[in-house]
There are 6 protein chains.
Amino acid sequence: MAPLNGYSTFKHFLVSSPSEHVAHVETNRPNKLNAFFEAMWVELGQIFAKLSHDPEVRAVVFSAVGERAFTAGLDVLAAGQQGLPGQDSSQGDEARRATQLRRYIVDFQNSISQIEKCEKPVICVLHGISLGLAIDMSSCADIRICSKDTRFAVKEVDIGLAADIGTLSRLPKVVSSFSWVKDVCLTARDFGAAEALAVGFVSQVHETKAKAVEAAIGMATLIASKSPVAVQGTKELLNHARDNSVADSLRYTSVWNSAMVQSQDFKAAVQSGIKKTKPRFEKL
Amino acid sequence: MAPLNGYSTFKHFLVSSPSEHVAHVETNRPNKLNAFFEAMWVELGQIFAKLSHDPEVRAVVFSAVGERAFTAGLDVLAAGQQGLPGQDSSQGDEARRATQLRRYIVDFQNSISQIEKCEKPVICVLHGISLGLAIDMSSCADIRICSKDTRFAVKEVDIGLAADIGTLSRLPKVVSSFSWVKDVCLTARDFGAAEALAVGFVSQVHETKAKAVEAAIGMATLIASKSPVAVQGTKELLNHARDNSVADSLRYTSVWNSAMVQSQDFKAAVQSGIKKTKPRFEKL
Amino acid sequence: MAPLNGYSTFKHFLVSSPSEHVAHVETNRPNKLNAFFEAMWVELGQIFAKLSHDPEVRAVVFSAVGERAFTAGLDVLAAGQQGLPGQDSSQGDEARRATQLRRYIVDFQNSISQIEKCEKPVICVLHGISLGLAIDMSSCADIRICSKDTRFAVKEVDIGLAADIGTLSRLPKVVSSFSWVKDVCLTARDFGAAEALAVGFVSQVHETKAKAVEAAIGMATLIASKSPVAVQGTKELLNHARDNSVADSLRYTSVWNSAMVQSQDFKAAVQSGIKKTKPRFEKL
Amino acid sequence: MAPLNGYSTFKHFLVSSPSEHVAHVETNRPNKLNAFFEAMWVELGQIFAKLSHDPEVRAVVFSAVGERAFTAGLDVLAAGQQGLPGQDSSQGDEARRATQLRRYIVDFQNSISQIEKCEKPVICVLHGISLGLAIDMSSCADIRICSKDTRFAVKEVDIGLAADIGTLSRLPKVVSSFSWVKDVCLTARDFGAAEALAVGFVSQVHETKAKAVEAAIGMATLIASKSPVAVQGTKELLNHARDNSVADSLRYTSVWNSAMVQSQDFKAAVQSGIKKTKPRFEKL
Amino acid sequence: MAPLNGYSTFKHFLVSSPSEHVAHVETNRPNKLNAFFEAMWVELGQIFAKLSHDPEVRAVVFSAVGERAFTAGLDVLAAGQQGLPGQDSSQGDEARRATQLRRYIVDFQNSISQIEKCEKPVICVLHGISLGLAIDMSSCADIRICSKDTRFAVKEVDIGLAADIGTLSRLPKVVSSFSWVKDVCLTARDFGAAEALAVGFVSQVHETKAKAVEAAIGMATLIASKSPVAVQGTKELLNHARDNSVADSLRYTSVWNSAMVQSQDFKAAVQSGIKKTKPRFEKL
Amino acid sequence: MAPLNGYSTFKHFLVSSPSEHVAHVETNRPNKLNAFFEAMWVELGQIFAKLSHDPEVRAVVFSAVGERAFTAGLDVLAAGQQGLPGQDSSQGDEARRATQLRRYIVDFQNSISQIEKCEKPVICVLHGISLGLAIDMSSCADIRICSKDTRFAVKEVDIGLAADIGTLSRLPKVVSSFSWVKDVCLTARDFGAAEALAVGFVSQVHETKAKAVEAAIGMATLIASKSPVAVQGTKELLNHARDNSVADSLRYTSVWNSAMVQSQDFKAAVQSGIKKTKPRFEKL
C-alpha cells in the first residue's frame, strides 16, 4: 500500500493511500492489543487534524493492525501504575487535583474529537477486541462496520469510571434504543457483531477483518469519487442537525448552501448525469 | 373518489376525500416521474397550509399518481438549463448571488415544511422511484409506509449538492442508526423497502402501491375517528419533544393541556368507554 | 423476600430487597389491574426520591403484583366520576380552571419523573396489560424488559387526551423510529412484546413474568456489584447527553469526572483487575 | 416626500422615500390615535415582507402620522365589542376556543415579527402616546429613538392580559435591567423618554417628533450609504447572537461570511478608504 | 400588621398581610444580622412554595427585620465549625464527598429558587448589610428596591468559594453590564445603592428602609389590584423569555394565552375601562 | 517591570509581571497604531493559552504600547494588498473559496477566543484609537476599563464586512441596550469613553492611559490575592451562565462546586476571616 505523503513522521499509526483520494489510518501496536497511552491519542488527534484540511484526501478509513484487537482500550496497567494527573491524593488539595483532572480529560476529549471534526468522512472498521476507547473513537466516526468476530464493550464501569472521552455523550445519538444503551453502559457486558448491527451501531458486518477493510475502502473510494463540496457539506450538516432543532438546522443549511451551491460541482455533476460521463471535481 | 371541497383550483395535485374527515393529496405529474419544479412545491405548501386549518379534515394521506414513481425528485434537467437563481456567475458578485440562493432555499424549505406544520397527521405513501425530494418530503410526514417496489435514495451528492430542503435536518431524528444515515447520505446509494423498514424509516411495507394506499387510508380513517383535540395535541407535542429537552417538553405539555383537558372530548370519550358507544367529536 | 428497611409505611407498593444493594418496588393493586389513582403516584414519587439517596441501594427493579397487568393506566372511572381539578365548567372561569389543571399536571409529572431522577439505575419489568401510564412510567426507567404476554398501548387519545405525564416527551428519545412513535401515539393501537423489542422500546423479552423479573434482578445484582461512583455517574451523564449537544455533554462530563475520578473505586477496580479479585466499594 | 414605488395599494400606511435607498413607513390613522385593528397589522406585515427583499431599499424608518400618538395600541373597543375569535363561550368547547385563539395569536405575532425579519435595518421613531402594541412593534425594530413627549406603557395587564405579541419575549433581551422590565410589565405604569433612555430602551431622545424623524432619516441615510452586504449581515448576525450561545454564534458567523467576504464590496470599501473616495455598492 | 392566615408555624420569618392580597415575608434574626443557617433556608423555601398557590395572595414583599442588615449571608462561623457535609476529608473518598456536597448544594439551590418559582410577583427590599446570600435571594425576586444605606457584595470569593446558590447563574441576566458583573463577582468588593441603581440591579432607591418597605407595599398593592391571570402570566412569560430564544418564547406565549385569554378578567377589565369603574377579579 | 518567565520568545507582545501572580500582556507595534496582521493574532492566542494553565499567574492585564492606539484593528492595507485566502476570484470556484475563507475565519476566531478561554480573569485596558478588532478582543476580556481619550468603533461595515471575529456574537451579551448595539454596529460611528461607561461596555474611565493601567494592575493584584479556586470558578460559571438557561447553569454549578468546595481554600479563607489574618492559597 502506498504511504500517504506527509504522514511518515507519525510513530504509532500507519497512514497509507489504498486508492485515489482515500487515506487509511491504522493503529499500530498489535502486540499490546492496540491499547492506547497518552502519546498515541495526541498523535491520533494530530493525524485527523491534518487529514481534515489535506486537499489530497476525500475519505478516510480507520482500522487497526493485527488480528486480535481493534483496541483493548486505555492501557490501564500503565495508567494504574503512574496514575492519572491529579490522582495522587498526597499532592495538592481536592480542588487542585480536580482542576488537573479536568484539564487532562478535556485534552483527551479534544484529541479524540478530531475524528469527528475531520471534514472528510471517516469509516471505522472494528474487529476482535474492541473495548472502552474503541467505542469512544468509533462513535466519532461517520460510519462503523465490523468483522464477525468483534467483541465490543463499554468497559469503563468495570474500572470504576463513567466513560468520559465521548461514549456517553455520543452513543445515545448514534443508535436506536436508549434501553439498550443504558444496558451496555451500566453493565459493561460484551456484545457481538450481530447485536451491534441489530441496534444500528454498525451498518455492516463482514466475515473477516480483511473483508471488512476491503468493504470500507470500497465505500471510501465511492465517496471519494463524488463532489467533495457535496460530501463535506453533507457531513457538516448531519452533525449540526444531530445537535440542533430542525428549525435551527434548516437555517444553518440555507446559509451553508448559499455559498456551496455556486460551485462548479453542481453544474459538472448535472452535465455528467445528462451526458453519462464521469465528472471531475477539483480539490477541497 | 370524491374531490375535497375547496381544492379544485390546484393544478399539480389531486385532492380527494376517500373517507369522512380524511384528505388524500396526490402528486399528479406521472409522465415525468412526478419530478418537481418550483410551481409545484409552492402549490404543495399552499395545499398543506389550507388542510392545516380546514375543519373538515382530521388526517391526510400523501401519495403520487402513477405506478413508476413517488417522485424522481427535483426536475434537474429544467433546473440545470435555467439554472438556480444566483447561479449565473456573470450576474452580481458572490455575496449577492449567495443572498439570492439563500432566499430561494428558505422559500423552498418553507413550502416543504408545511407538510410538517400541518396540524393534522400526515401519512406518506411511497412507491417506486423515490429519490431526493422524496426523502425531504416524506421526512416531514408523521408516518411513512411504502410498497415493496420502492427504491429510495438521498440522491443529492450525486448532483454535487448537500441536500438542503430538510433531509439532512430531519433524517437523524427520524430513524435509528446514525451510521446508516451517514452511509445513505454520503454514498447516495439506493435502498429498498426492507432496509427502510429495518432502520425504522417506514413503519409498514405492502405488496403493491394500491395496498399501501389502502392501508394508509385505513389508518387515516382510524385516526380521524378519534378526538381531534387529542390527535392534534399529540402531533404537536411529539414534534416539540423531538427538538427540546425532556424538561422543556414537560413544561410545554403542561401548558398545552391546561386548556385542552377542559375539552368535552375527554368527557365524551370516557363516557363512550363506559357505555361502549362510539363518541362524536366536534370539528377542529 | 426480605422487606427493605425503612419502606414499610408505604401502602400501595411492596418494597423488598431480593439481593444485596438491590431494591424491588412492586405496584400492589392487582385486583384493579394495578390502575393508578392520585395517592398512588404521590407515594411512588416519594419511594423513588427515598431510594435515590438511600446508601443501601445501588439498583432498583420496578414491576407489579399479579399476573394480569403491569398497569391498566389511570383509573379513568374514578377520574371520570370525580373529574379532574378544574374540569367542572361551572366553577371559576377558563383561565382559573386552566391554572388548576396545569398545577395538577405538573405535580403528576413531578411524581412520575422521580423514577428518572432516582440516582440509581431502574430496571422496569412490564407484563400483561401495560397501558397509558405504563408507558409514561417505564419511559422514565433506564432499562425496560418484558414478558411475552405484554400488551402495550399509548392509550391516551382514546380518552380524548394527548398524553401529558411524559410519554410524548420521552418516547421519541427512547426508541428508534419516529414513524413508529407517531403510529402508536396517534392510533392508540396495541403492540406486543416482539414489536417492542424490534423498535428498541424493551431490550429483552422473556417467556413469563417470573422469568422477566428474575432476569431483571440478575441484571440489577450485576450492576449493584460494580462501583456505585461509576454506575451513578454513567446514568447521570447518559441522561444529560440525551438533552444536550455533544459539545455541552463533553464539557459537563469533564467537570463531573474531575471529582469522580479521584475516587478509591478506580484504584480498587484496577487493582482487582490485575489481581483477579473482587473489589469492595463503599456506599454512595 | 416621494412615495416609494410599488407600495401605493396599501391603505393604512404611507410608504415614502425620503432619501436614496431609504423607505419611510408611517401608520396613518391619526384621528384614532393610530390604534390598530386586524386589517392594519396584516397589512403592516405585508409591507415589511416586501421591503425585506426590495432591492431599492437599504434602511427603513417606521413612525406614525399625527402629533398625539405613535399608537394607543390595540383598538380595544372594537376588540371588546366583536370579541376575539374563540372568546365567545357559547361557541365550541374550551379546547376548540383555545385552538382558535392560538391560531389568531400566532398569525398576529407573525405579522408583527415581519418588522424583525425584514433584512434591512429598521429605525423606529416613537412619540406621544405609545402603549401596548407600541412596545411589541418597536421591540422588533433594530434601533429605537423618540421625542421628549413620549408616554410609554406595557399596558396589557390593565386589560386583563399578559402581552402576547412580542413584548414579553423581546423586552428582556432589549434593555438592561430585569428589575425594571418586571416593574413596567407587572404594574403597567407609564414611563417617559428620559427613563426609556436611561434603561437603554431608546438610544436617542429629541425635542420634537419632527426632529426625531429627521434624526432617524439621517441615520437611515448613513446606513444606506454603506455596503448592504455588510449592513444586512450585521443585522442577521446580531439577531442570531441574541438567541444563541457565543460558540454557536461564532460558527454561524463563519459560515455566513464564507460567502459574504467574497463580495466586491470589501474590495471597493478598502480601495475607497485608501483613495478617500466614496464607494458605490450594488443592490441587494 | 395582621399576620397572614396559615403561616404562624414558621419560626424564622414573620409573614403578615399589610394590604389586601399582599403578603409580607420578613427574615427575623436581626441580632445575628439575619445570617442564614440551614433550617432557615429550608423554611424560606416552604413559605414561598405555599404563597405560590395561596389564592389569598397576589403579590409578595420580602424584606428583613432590624435596621442593620438585610442579611450578612451564610452564617459562616456555624458552617465553618460544623463544616459542610462532605467536607471532612477523613470521611469517605473524594467522589463520595463530592456526591454529598452536590446533593447539599442542589437542595440549597432548590430552597432559594422557590422565590423565583413562586407564581406571584415578589418585590425584594434590601437595606444595610446585604452580602452573599442577599444577592442569591434577591436575584430570584422579580423587582429589587433598596434603601440608601445598603452595602451589597458578592462576597463568596472572600471565603474561597464560587457563589453556587444562584448569583452567578442569574446576575448576568438581571443587570446590564457583563464587565460590571465580573468586576463585583471577581473582586468581592462592596457597592452601594447608587451603583446598584445605575447598573439596573435595583430599580428604586429610598431614603430609609421604612420608606423602601412602604414603596414596596404600595407597588405590591397596585399589582394585587390587577387581574391575577394577567399578572401571573406576565411573570411566567418573562421568566421563560429570559431562558429561551425569541421564537421559542413566542410559541410558548401563544399556547399559554390560548387558555388565559378566555378569562372573564379580559372582559371585566375592558368593561371597567369603558365604564371607568374598578374591576373585581376572582382568586387564583 | 520584570518580564514574566517563559514568555520571552514572543515577538509582537511584551509579557511582564507587575506584581505577584499578575501578568501584563502588551501589544507592541505602536508605530503602526498596533494594527494586527496574522502572525500577531496567532501569537496572541498562544500567549493566552499558556497563561491559562501557568500556575504562577492568577490574573492578567491586557493593554497596548504607545500613546495613540490600543489598536487601529486589522491591518487592512496589508490584507487588501495580499487579499484574504479565498478572495482571489481567479482561483478555485465559489465553494472552494468559501471553504478557504471559513477555515481562515474559524482559525482567526479561535486565536482571539483564547482571551475568553484563559482560565484566569483578564482585565483589558483600552486607550486612544480602539477600532474593529479592539472590540472583538476586549469583548473576550472579563473586565474592560479605559482612558478618557479612547475612541471606540465597530468599524467593520465601513470596509464592507459584517464583523466576524466575535464582536457581533458577544456584544449583545456584554452591554445593556440592544438599540445601542445595533446603532454602533450598523453605523460604524465612533463613541467615546463616557458613552462606553454609560452603556456598561467599560466599567471604569480614567484620566490617562497610565492611570487606567495602574488601576487595572491594582484590580488584578486584588483578584490575585484571593483564592484561585474561587476566582477561576467564578469566571467559568459566569461565562457558562451567559450561554445557558438558569436551570442548566444551576445544575452545572452544583457539579463544579462538588469538587471545588472540598478545597483547603475555603477552610483557609474562613479561618483567616475569623483570625483577621491574610490567607495563603496554593497555586492553580
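The questions and answers below go through a predicted model, taking up its chains, sheets, helices and domains in turn.

Me: Which residue of chain A has the C-alpha nearest the axis?
Reply: The axis in question is the one about which a rotation of 120° superposes chain A on chain C. Within chain A, the C-alpha nearest this axis lies 2.4 Å from it, and the residue that carries this atom is Ser176(A).

Me: Which bounds does the domain assignment give for domain 2 of chain A, and how far apart do the C-alpha centres of domain 1 and domain 2 of chain A lie?
Reply: In the assignment for chain A, domain 1 covers 2-224, while domain 2 covers 228-275. Their contact draws eleven residues from domain 1 of chain A and seven residues from domain 2 of chain A. Between the C-alpha centres of domain 1 and domain 2 of chain A, the distance is 28 Å.

Me: Which strands stand at the edges of the open sheet in chain E?
Reply: The sheet of chain E is built from six strands in the order 1-2-3-5-7-10, with mixed pairing, and from one strand to the next the twist averages 25°. A strand at the edge has a single partner strand, so one side of it is left without a neighbour in the sheet, and in chain E this applies to strand 1 (13-19) and strand 10 (204-206).

Me: What is the bridge partner of Ser19(B) in strand 2 of chain B?
Reply: In chain B, strand 1 and strand 2 (residues 22-27) pair in the antiparallel sense, over five bridges. Within strand 2 of chain B, the partner that Ser19(B) meets in a bridge is Val22(B).

Me: How are helix 3 and helix 4 of chain E oriented to each other?
Reply: Two packed helices are described by the angle between their axes and the distance between the axes. For helix 3 (residues 94-117) and helix 4 (residues 133-140) of chain E, the angle is about 45° and the axes are 7 Å apart. The residues in contact include Phe108(E) of helix 3 and Leu133(E) of helix 4, and by class the contact has six nonpolar, one polar and two charged residues. With that angle, the two helices of chain E are therefore oblique.

Me: How does helix 5 of chain D run relative to helix 10 of chain E?
Reply: The axes of helix 5 (residues 167-174) of chain D and helix 10 (residues 246-260) of chain E come within 8 Å and cross at roughly 150°. Angles over 145 degrees count as roughly antiparallel, and so helix 5 of chain D is, relative to helix 10 of chain E, roughly antiparallel.

Key: Residues numbered from 1 in each chain as written. Chains lettered and ligands numbered in written order. Predicted model: local features only at pLDDT ≥ 70, side-chain atom pairs only at ≥ 80, totals over all residues. Heavy atoms only, no water. Least-squares fit on C-alpha atoms with pLDDT ≥ 70 in both. Pairing = 2+ DSSP bridges. Helix = DSSP H or I, 4+ residues; strand = E, 2+ residues; numbered from the N terminus. Axes fitted to C-alpha atoms, helices over the stretch in contact; angles between N-to-C directions. Parallel < 35°, antiparallel > 145°, perpendicular 65-115°, else oblique. Contact = heavy atoms within 4.5 Å. Nonpolar A, V, L, I, M, F, W, Y, C, P; charged D, E, K, R; others polar. Domains from an automatic or database assignment.
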